[in-house]
Amino acid sequence: MTEPSKVIHVRNVGHEISEALLQMQDVPSAVNALQFYSNVQPSIRGRNVYVQFSSHQELTTMEQNSQGRGDEPNRILLVTIHHMLYPITVEVLQQVFSPHGVVEKVVTFQKSAGFQALIQYQLCQSAVLARNSLQGRNIYDGCCQLDIQFSNLDELQVNYNNERSRDFTNPSLPSEQKGRSSQPGYGDAGSMYALQASGTRTVGFPQMGDAAAIAAAFGGGLPPGISGSNDRCTVLVSNLNPDRIDEDKLFNLFSLYGNIVRIKLLRNKPDHALVQMGDGFQAELAVHFLKGAMLFGKRLEVNFSKHAHITTGADTHEYSNSNLNRFNRNAAKNYRYCCSPTKMIHLSTLPQDVTEEEIVSHLEEHGTIVNTKLFEMNGKKQALVLFENEEAATEALISKHASALRDAMIRISFSQLQNI
């Protein structure tokens, strides 16, 4: 456990800010604050937040400005990666930046701006060359775009050589301090598994329930707003449209974020339902990405339930053994595609000779379709369908995922692509 500090770490405080550090007047004040919130669930703007002591003993101006952006040349670069569809590791960053000079150190972290890295060259001239050459370019085709500025730091401090940080000048550094993440900004995800990336392939992800291992799917840090420390598996969904929703439709939506154990529509509150996810991390993803989503003319409320699990009974639907659960295979890949509902859906497992007209005919009852695109991936026919708005795309997904199109049962997910 982190030692008491007058600095408090607040996590999951909304879409704009994923975490914050608050410095109290002294340690006893911080201890009193945490003791109070051990019995009361704090929330900001209706979203639950989690508080703990920070590993920082004091906030300094230097720390707040450590990622300062500027055009004054410096041998340390601040790199922000946009549209990150594939995980970016320390090794990937070294491969990208080392052609321009000797890379001494790399530190990666997750901030509200997204996935970022600090890269220290041996020479300032190398950093200038790298920025001029790589600014605005993609690491992979169509994604992982580099936004590069000069940092105002003089020297990177690297304490551990692992998936998130590396000092190439000092290979003897330990991989982790037991029980504490090596870089501020990761929460307490714990020690990471040693994963290696080659191109866009990642290997060796352990069982899906381990949030620290899952974090590697996001390039070494959990998505902004995700703590990875929630242990409540059951979610309460309210403000549903009772005339149009059923358990299977809820399954199709929530299974985007994890395996579903069981679902119960509350008969005494027809616009409420309980959804039990496979573990607390999956429940946190569902709450984070679905809160406020529009469905059948209603804005969903999604919160953690006070019930630890749903009791089996005549009015519960069991899904624990369903082969439609998406996270039984390729769990890490599925986590990487978790997002809030978008206007674009991705269809796979289609008939090989399917036409765009057939796809439009299958989906158009759910809303205006703006554009479609058929393509092949690894010899299998897939499609992108762009709707006029997120609500129509969400309705199409929950109504037609696992439906039959001719002799094929189609699979539907949200796509994070902006256009076709």
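**Start with confidence**

Colour the chain by pLDDT before anything else. The mean for the protein is 80, and 79% of the residues reach 70 or more. Now select helix α10, residues 390–400: among the elements of the protein, this helix has the highest mean pLDDT, at 98. Strand β13, residues 201–202, sits at the other end of the scale with the lowest mean, 26.

Two further stretches deserve a look. Residues 13–17 have pLDDT below 50, and in the model this stretch makes 10 contacts beyond near neighbours in sequence. Residues 60–67 are also below 50, with 11 contacts beyond near neighbours in sequence. Keep one caution in mind here: where pLDDT is low, predicted coordinates should not be read in detail.

**First stop: glutamate 155 and arginine 75**

Next, turn to the salt bridges, of which the structure holds 13. Select glutamate 155 and arginine 75 and show their side chains. These two form a salt bridge, with 2.6 Å between the closest N and O atoms. Glutamate 155 is in the loop between β10 (143–150) and β11 (165–167), while arginine 75 is in the loop between α2 (61–64) and β6 (76–82), so the pair ties together parts that are 80 residues apart in sequence.

Which of the two partners is buried? Arginine 75 is, at 18% relative accessibility. Glutamate 155 is partly exposed, with a relative accessible area of 43%.

Together with Arg75 and Glu155, they are linked in a network of salt bridges.

**Second stop: lysine 291 and glutamate 301**

Select lysine 291 and glutamate 301, whose side chains meet in a salt bridge at 3.8 Å, N to O. Lysine 291 belongs to the loop between α7 (280–290) and β17 (294–295), and glutamate 301 to strand β19 (residues 301–304), so this pair ties together parts that are 10 residues apart in sequence. Glutamate 301 counts as partly exposed at 35%.

Now pick glutamate 358 and arginine 406. Their salt bridge brings the closest N and O atoms to 2.8 Å apart. Glutamate 358 lies in helix α9 (residues 356–363) and arginine 406 in the loop between β24 (404–405) and β25 (408–409), so the bridge ties together parts that are 48 residues apart in sequence. Glutamate 358 is partly exposed, with a relative accessible area of 25%. Arginine 406 is partly exposed as well, with a value of 44%.

**Last stop: the backbone**

Most residues other than glycine have a negative phi. What is phi at arginine 406? It is near 55°, a positive value in a residue other than glycine.

For another case, select threonine 349. Its phi is near 50°, again positive in a residue other than glycine. Threonine 349 is found in the loop between β21 (344–348) and α9, the helix that holds glutamate 358. At 45% relative accessibility, threonine 349 counts as partly exposed.

Terms used
Residues are numbered from 1 along each chain as its sequence is written. Side-chain values use heavy atoms; hydrogens and water are left out. A salt bridge is a side-chain nitrogen of Lys or Arg within 4 Å of a carboxyl oxygen of Asp or Glu. Helices (H or I, at least four residues) and strands (E, at least two) are DSSP runs, numbered from the N terminus. Buried means under 20% relative accessible area, exposed over 50%, partly exposed in between (1.4 Å probe, protein chains only). pLDDT is the predictor's confidence in each residue, from 0 to 100. Contact means heavy atoms within 4.5 Å.
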